[in-house]
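Please consult the sequence and the coordinates while reading the answers.

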Amino acid sequence: MAASRSIQEKVNRLINKKNGKPALKPNKPLILKDSVANRKSWKGTLACITEMSVMLACWKQNNFLDDMCSSEIKSFQDCVQATQAASRKTKNEDGSRGRNLSSEEAKILLKRFPNQRTEI
């Protein structure tokens, strides 16, 4: 009930008081397309960048000897393992809640269930 009132209030604001016509005229029809843009999915922030850069700097200083940089290598490996464990945990949680569709999956669903071709 409250949602319908708020929508009606928005429509009333857009209607010109004098003529009863919309104040804004769309330059394209107000219907949804049956396709989406091709977008690469972003997996999130890059993890362990600082640990990797510290490890590479240590290697460069010590002529790429692993013995001299064992603590940096260990911290980088620990970071990678922690990140992988966290991503597995979130992946398992997302299966029950749902997830964002990729552009290819959205196109398949839009072809299967096309939008209405008339304005509302």
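Q: What distance does helix H2 (residues 49–61) reach from its first C-alpha to its last?
A: In this predicted model, helix H2 has 13 residues. At 1.5 Å a residue, the expected value is 18 Å. The helix is close to that expectation, with a reach of 18 Å.

Q: Which residue with a positive phi follows H2?
A: The backbone after H2 has a residue whose phi is near 55°. That positive phi belongs to Asn-63.

Q: Which residues does Met-55 contact, leaving aside its neighbours within four places in sequence?
A: Contact here requires heavy atoms within 4.5 Å. With the neighbours within four places set aside, the partners of Met-55 are Glu-72, Ile-73 and Phe-76.

Q: What percentage of the residues of the chain count as buried?
A: A residue is buried when its relative accessible area is under 20%. The chain has 120 residues, and its accessible surface comes to about 11200 Å², with 57% of that belonging to carbon and sulfur atoms. The buried part of the residues is 8%.

Q: In what order do the elements of the chain run from the N terminus on?
A: The chain holds four helices and zero strands. Read from the N terminus, the order is α-α-α-α.

Methods:
Residues are numbered from 1 along each chain as its sequence is written. This is a predicted model: local features need pLDDT of at least 70, side-chain atom pairs count only at pLDDT 80 or more; totals for chains, interfaces and linings use all residues. Side-chain values use heavy atoms; hydrogens and water are left out. Helices (H or I, at least four residues) and strands (E, at least two) are DSSP runs, numbered from the N terminus. The expected span of a helix is 1.5 Å times one less than its number of residues. Buried means under 20% relative accessible area, exposed over 50%, partly exposed in between (1.4 Å probe, protein chains only). Accessible areas come from the Shrake-Rupley method with a 1.4 Å probe; for residues, only the protein chains shown count as cover.
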